Amino acid sequence: MSALKKSVTLRLALLLLSFGVLLPGICAADEITDGKAIYGQYCAVCHGRSGEGNGPIAGFLTTPPTNLRLLSQKYGNPLSVDQIEKFIDGRADVKTHGPRDMPVWGKRFYGESGGSEADTADRLAKLVAFLQSIQIGPQTGSR
Ligand code: HEC
């Protein structure tokens, strides 16, 4: 192999390697950024921009919105993704317990995405990635 060819091959290999290492990190950061945008659009009015439960309409609600930065006290840190997604979704909850104080986001996202379960699940996952990123409690190791 010529020296030039060798160096090109080496560079290509390094490039591919760095993609493999970097890509998962970049994706996680994207999830949080997307989640933050969804949060700002749908959740901040009640839970506040920073998630502390002090959004502009919080004072008008009978049940105060939860401080979402402390979710790890209830759901562990890292957060129990399944449980929180189910709660935010709310569709299963309403079927078993009737109406609740938190809006039923699963129904809303499902409707807005033209009836796509995949899109609904994607939004919920991004929201939880964002919620994980704002936890202030210590790591508990439980899941
Ligand atoms: C209309 C006001 C309102 C909006 C908008 C809202 N929430 Fe809530 N949320 C509440 C209230 C009120 C509670 C407390 C409910 C309770 O204790 O039954 C709550 C509780 C929660 C909890 C805590 C669950 C627990 O087990 O303690 C999570 C997580 C949550 N909301 C996430 C979200 C997310 C994510 C969004 C946006 C998609 C959102 N909320 C939008 C009012 C709201």
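View 1. Pro78 is found in the loop between helix 3 (72-75) and helix 4; helices (H or I, at least four residues) and strands (E, at least two) are DSSP runs, numbered from the N terminus. The model is predicted: local features need pLDDT of at least 70, side-chain atom pairs count only at pLDDT 80 or more, and totals for chains, interfaces and linings use all residues. Residues are numbered from 1 along each chain as its sequence is written. The peptide bond between Asn77 and Pro78 is cis, with omega at about 5°. Most peptide bonds are trans.

**View 2. Gly137 and its contacts.** Gly137 lies in the segment after helix 7. Its contacts, leaving aside neighbours within four places in sequence, are Leu70, Ser72, Gln73 and Asn77; two residues are in contact if their C-beta atoms, placed from the backbone, lie within 7 Å. The C-alpha atoms of Gly137 and Gln73 are separated by 6.9 Å, although the two residues are 64 residues apart along the chain. Gly137 counts as partly exposed because it has 15 C-beta neighbours inside 10 Å; a residue is buried if 20 or more other C-beta atoms lie within 10 Å of its own, exposed if 12 or fewer, and partly exposed in between, with C-beta atoms placed from the backbone.

**View 3. Helix 4 against helix 7.** Helix 4 and helix 7 (residues 117-133) pack at an angle of about 120°, with axes 10 Å apart. Axes are lines fitted to C-alpha atoms, for helices over the stretch in contact, and angles run from 0 to 180 degrees between N-to-C directions. Helix 4 contributes Val81, Ile84, Glu85, Ile88 and Asp89 to the contact, and helix 7 contributes Leu124, Leu127, Val128 and Leu131. These residues divide into 7 nonpolar, no polar and 2 charged; Ala, Val, Leu, Ile, Met, Phe, Trp, Tyr, Cys and Pro count as nonpolar, Asp, Glu, Lys and Arg as charged, and the others, Gly among them, as polar. Among the buried residues of helix 7 are Leu124, Leu127, Val128 and Leu131.

**View 4. The shell around the ligand.** The ligand is surrounded by 21 residues, of which Cys43, Cys46, Thr66, Asp101 and Met102 are the closest; a residue is near a molecule if its C-beta atom, placed from the backbone, lies within 6 Å of it. The shell divides into 15 nonpolar, 3 polar and 3 charged residues. Helix 2 (44-47) and helix 4 (81-89) each supply at least two of the shell residues.
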